[in-house]
Amino acid sequence: MSSTNVSAVRFSECGLAEKGKEEEYLKKLLEDVASVVDQDKIATISKVMRALADPTRIRIVAMAKARRKLYECEIVGAFGLAQPTASYHLRLLSDANVLTKRREGKMIAYIPGEGIGWTIAEKVLEAAKQQ
């Protein structure tokens with residue numbers, strides 16, 4: 001019996017699917033998930049959510065939204081962080097495409113990213129503001 005069959009059998013055991021129709025139930029369940037979110041984007045969404053899962057990083061994102069550009073030294077000063085800690089937070093946000101790094105002479109500016117990372121971050125801030 002394949003692992004899919006073993007998982008599907010659980011649907012009949014808990015009363016969600018008729019015996020013998022477990023595979024159909026499983027297929028429908030997975031189609032429902034696919035109708036809500038593109039399966040190829042799940043890993044990206046998870047990475048963004050992990051990057052946003054810290055109060056300091058949420059504050060950094062809020063500052064980026066308000067100012068449209070920020071520098072590491074601003075993060076250090078505004079939030080009382082050590083420089084390596086600020087770098088760590090900015091790297092996580094940059095790796096998740098929430099922020100984009102841009103060199104400006106000797107300094108690196110962080111601006112809102114393009115694509116799903118920044119879009120999710122903005123939605124989180126909007127939801128928090130509405131509560």
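Where is the place of R68? Good morning, everyone, and let me begin with that one. R68 is in the loop between α4, residues 55–67, and β1, residues 70–71. Before I go on, please keep in mind that this is a predicted model.

So, R68. Its phi is near 70°, which is a positive value in a residue other than glycine. With a relative accessibility of 45%, R68 counts as partly exposed. There is a second residue to look at in this context, and that is N97. Phi of N97 is near 60°, again positive in a residue that is not glycine. You will find N97 in the loop between α6, residues 83–95, and β2, residues 99–104. N97 has a relative accessible area of 45%, so N97 is partly exposed.

Now to the charges. How many salt bridges does the structure hold? The number is 6. Let me walk you through some of them.

Take helix α2 to start with. D32 and K28 both sit in that helix, 4 residues apart, or about one turn. Their side chains meet in a salt bridge, at 2.6 Å from N to O. Both partners are partly exposed: D32 has 36% relative accessibility, and K28 has a relative accessible area of 45%.

Next, K41 and D38. These two form a salt bridge in which the closest N and O atoms are 3.7 Å apart. K41 is partly exposed at 40% relative accessibility, and D38 is partly exposed at 39%.

Then there is E122 with K65, where the closest N and O atoms of the salt bridge are 3.1 Å apart. This pair links distant parts of the chain, with E122 in helix α7 and K65 in helix α4, 57 residues apart. E122 has a relative accessible area of 22% and is partly exposed; K65, at 31% relative accessibility, is partly exposed too.

Finally on this topic, K69, R102 and E104 are linked in a network of salt bridges.

Let me turn to a charged residue without such a partner. Is E22 buried or exposed? E22 is buried, and yet it has no salt bridge. The nearest side chain of opposite charge belongs to K19, 4.8 Å away. As for its place in the fold, E22 is in helix α2, which covers residues 22–36.

On to helix packing. Two packed helices are described by the angle between their axes and the distance between those axes. Here, helix α3, residues 42–52, packs against helix α7, residues 116–130, at an angle of about 50°, with the axes 10 Å apart. That angle makes α3 oblique to α7.

S87 lies in helix α6, and at 22% relative accessibility S87 counts as partly exposed. How far apart in space are S87 and Q130, C-alpha to C-alpha? They are 30 Å apart in space, and 43 residues apart in sequence.

Key
Residues are numbered from 1 along each chain as its sequence is written. This is a predicted model: local features need pLDDT of at least 70, side-chain atom pairs count only at pLDDT 80 or more; totals for chains, interfaces and linings use all residues. Side-chain values use heavy atoms; hydrogens and water are left out. Helices (H or I, at least four residues) and strands (E, at least two) are DSSP runs, numbered from the N terminus. Buried means under 20% relative accessible area, exposed over 50%, partly exposed in between (1.4 Å probe, protein chains only). Lys and Arg count as positive and Asp and Glu as negative; His and the chain ends are not counted. A salt bridge is a side-chain nitrogen of Lys or Arg within 4 Å of a carboxyl oxygen of Asp or Glu. Axes are lines fitted to C-alpha atoms, for helices over the stretch in contact, and angles run from 0 to 180 degrees between N-to-C directions. Angles under 35 degrees count as roughly parallel, over 145 as roughly antiparallel, 65 to 115 as roughly perpendicular and the rest as oblique.
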